[in-house]
Amino acid sequence: QVQLVESGGGLVQPGGSLRLSCVASGRIFSTKTMGWYRQAPGKQRELVAVIARGGIENYVDSVKGRFTISRDNAKSTVSLQMNSLRPEDTAVYYCNAVALDQYLREDTYWGQGTQVTVSS
C-alpha cells in the first residue's frame, strides 16, 4: 500500500507565497510521475503541475511563471512552490503519484488534499 501525505496549505494574501510538500510512503518500489491537482468549489479537478522522474515539468497555463514543481526521488517527495498567488488559486490541492509498489504493480495514488485560500 502506498500513501501520500501533503502539508503546507493555508491562508495567504494575494501576492503571497506558499510551499506545498508531499511525501509518498509505504511499500513503494519507485515513483514515476508526481504532480499536483486542485479543485475549487463547484469546479472539476484540474492538473496544476506534473514532473516526470527524469525532471521534465509541465504546468497549466494559468500558473506558468508563478509556480514551480520539484521532486526528490531518493525521498519520494514532490513540492510545489507557489508565488504571486491570486484569489483564483484558491482550491483544495491534491498530491498525485503514479508509482510501482513492491510487486511492481503500477497504480495512481492521491493524497487527502490540503486547502489553499488566497484572500485579503
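Strands are DSSP runs of E covering at least two residues, numbered from the N terminus. The model shown in these views is predicted.

**View 1. The β5–β6 hairpin.** Strands β5 and β6 form a hairpin with 5 residues between them. In its turn, Gly55 has a positive phi of about 105°. The strands run antiparallel and are joined by 3 bridges, and β6 covers residues 57-59. Ala49 stands opposite Tyr59 of β6.

**View 2. The β4–β5 hairpin.** Strand β4 (residues 28-39) runs antiparallel to β5 (residues 46-51), with 5 bridges joining them. Tyr37 has Leu47 in β5 as its bridge partner. There are 6 residues between the two strands of this hairpin, and Gly42 in the turn has a positive phi of about 80°.

View 3. Asn96 belongs to strand β9, residues 91-101. Its relative accessibility is 6%, so Asn96 counts as buried, the cut-off being under 20%. Beyond its neighbours within four places in sequence, Asn96 is in contact with Leu4, Thr33, Met34, Gly35, Tyr37, Thr108, Tyr109 and Trp110.

**View 4. The open sheet β1-β3-β8-β7.** These 4 strands form an open sheet in the order given, with antiparallel pairing. The edges are held by β1 (2-7) and β7 (67-72); each has a single partner strand, so one side of each is left without a neighbour in the sheet. On average, neighbouring strands of this sheet are turned by 15° against each other, direction ignored.

**View 5. The β3–β8 pair.** Strand β3 (residues 18-26) pairs with strand β8 (residues 77-82) over 6 bridges in the antiparallel sense. Arg19 stands opposite Gln81 in β8.

Methods
Residues numbered from 1 in each chain as written. Predicted model: local features only at pLDDT ≥ 70, side-chain atom pairs only at ≥ 80, totals over all residues. Heavy atoms only, no water. Pairing = 2+ DSSP bridges. Buried < 20%, exposed > 50% of the residue type's maximum accessible area, 1.4 Å probe, protein only. Contact = heavy atoms within 4.5 Å. Axes fitted to C-alpha atoms, helices over the stretch in contact; angles between N-to-C directions.
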